[in-house]
Amino acid sequence: MPGRQTLSAGPEGKKVQQPQSSDGDLYFKRIPIVPRSIKGPFRRFKSGLLWLSFAVYFLLPWLPWSRHDAPAQAVMFDIPGRRYLIFDLIVYPQDIFWLSMLLFIAAVLLFFITALFGRAFCGYFCFQTLWTDAFMLLEKLFQGERPARLRLMREPWSNREKLLKVGATRVAWVLLSFWTALTFVLYFGYAPDLLVAVFTGQAAAAAYITTAALSFSTYAAAALLREHVCTFICPYGRFQSAMYDPETLTVHYDSKRGEAEAGRAVARAGLRGRDERQGKGHGDCVDCGLCVQVCPVGIDIRDGLQANCISCGLCVDACNNIMDKMGYPRGLVRYDSEVNLLKPQPEPVRPHWKSLKVLGYGVSLILMCAYLVYDIGHRQSFEHSTQQIRQPLYVTLSDGSIRNRYQIRLTNISGDEEVYTISARGLPEGALDLGNFRTVHIRNGKSVIIQASVQLDPARAAALNEFEFVIGNSKGEVVVDTARFFTRK
Ligand code: SF4
Ligand code: SF4
């Protein structure tokens, strides 16, 4: 699919090469894409999301949060303590179900968004898009707008200006990649201490290896590979077409309006007014090429819906700006559905949410989120399990009585030290032996294994089938574990 290179005209009149999705050669020399910046609501939305995501990602490890038995950090993956601290929620490895549920929710949310708005996740929320956007911002900051960057590209490396500006850009990219990687590592310890440890050579080897690997991959993905990640590497881009419906809203060029009978035409003398153009059979597209120049993946939306398009909406902003300048109605390039565009008179654009597929995704999302929230909200402050020791299943003592042994495991996940009491229901007085562990103090996040034995005379042993362990804590929470009693029958 990808391969063809086309020439598109920029507003300044230069022909600019752009790689395009096509049926041409599979292998072709990569032509760097130098997008023009643009103003408009979709650009503002993208920028807003970029700053919000960066603020959350880079500042979260520094957000203080008062804790009794762990560093005062709001979000921390406490690997030695085998727990994740997320504000007041403490997640233990045994809560793996929540992680599975979260992954399911994320997958269904992705399908839901794709069915409604096409590849909007790629265009606005994906890490690759966010970091590439940030790298492009730095590029613009040091090298200027698109024409200046194109001029610099043509200069030889002996040009001092090119050396300084491109060098500064790459240094900034390296720093951002490094800080991105280091921030990730800071989630795995108390950030202020870990930061000092990293820079003084005191941190664990894993911290340096992770920082180096992530710095390299961030730089490679956002500075070197860029749109190739979306086009060739990311599997989501490949299977998205299976999730599209003809009603899915995605970025389209209204070719009927743009081309009309005589095709698009540059707005030269005699072809500026809409009436003049319509009189000569030309459509509203003035072939300015701005929609191509702003595209971060370097495609021409006028060639129709393409697998490479990440639905970022920047070409919509670009074309709307041109339509405003020309005094034509907006929306020549717009979010719309294939079915609507095929209508003789397209209707106002609205998400098509009444399909069985979209409703199914929506209902699944609501149910899964509700269950996850319920499960988190109703988690007990301690984990417990009671297991019978089966080697041997029972022991006959010298006086003829029968003894069964059990192992009770308690894990305190309450956030504080806690006191637990253990008793039995359905046993005669004195049958349960817990040693000195009828009452146990357990520190937060710690587990204790208690050995219990039950001894009954032969008559009672023969009559007893099951009994219950009752475990309570000082908060008044009580759980009951049923246990079996084995004897020679
Ligand atoms: S064609 Fe438009 S919506 Fe698609 S990636 Fe390019 S700029 Fe974004
Ligand atoms: S679709 Fe719009 S932005 Fe693209 S070339 Fe035509 S007029 Fe220009």
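Author: Ala, Val, Leu, Ile, Met, Phe, Trp, Tyr, Cys and Pro count as nonpolar, Asp, Glu, Lys and Arg as charged, and the others as polar. The model discussed here is predicted.

Reader: What makes up the shell around ligand 1, by class?

Author: The shell divides into 11 nonpolar, 2 polar and no charged residues. Among the 13 residues that surround ligand 1, the closest are Val251, Cys295, Cys309, Cys312 and Cys315. Val and Cys both count as nonpolar.

Reader: Why are helix 1 and helix 4 called roughly perpendicular?

Author: Helix 1 (residues 41-59) and helix 4 (residues 127-143) pack at an angle of about 100 degrees. Angles of 65 to 115 degrees count as roughly perpendicular, and helix 1 and helix 4 are therefore roughly perpendicular to each other. Their axes lie 10 Å apart.

Reader: Which residues of helix 1 and helix 4 meet?

Author: Lys46, Leu50 and Ser53 in helix 1 meet Leu130, Asp133 and Ala134 in helix 4. By class, this contact has 3 nonpolar, 1 polar and 2 charged residues.

Reader: How do you know that strand 3 and strand 4 pair?

Author: Two strands pair if there are at least two bridges between them. Strand 3 and strand 4 (residues 83-86) have 4 bridges, in the antiparallel sense. Within this pairing, valine 75 stands opposite isoleucine 86 in strand 4.

Reader: What makes strand 3 and strand 5 edge strands?

Author: The open sheet has 3 strands in the order 3-4-5, with antiparallel pairing. Strand 3 (75-78) and strand 5 (89-91) each pair on one side only, and these are the edge strands. Neighbouring strands of this sheet are turned by 10 degrees against each other on average, direction ignored.

How values were computed. Residues numbered from 1 in each chain as written. Chains lettered and ligands numbered in written order. Predicted model: local features only at pLDDT ≥ 70, side-chain atom pairs only at ≥ 80, totals over all residues. Axes fitted to C-alpha atoms, helices over the stretch in contact; angles between N-to-C directions. Helix = DSSP H or I, 4+ residues; strand = E, 2+ residues; numbered from the N terminus. Parallel < 35°, antiparallel > 145°, perpendicular 65-115°, else oblique. Contact = placed C-beta atoms within 7 Å. Near = placed C-beta within 6 Å.
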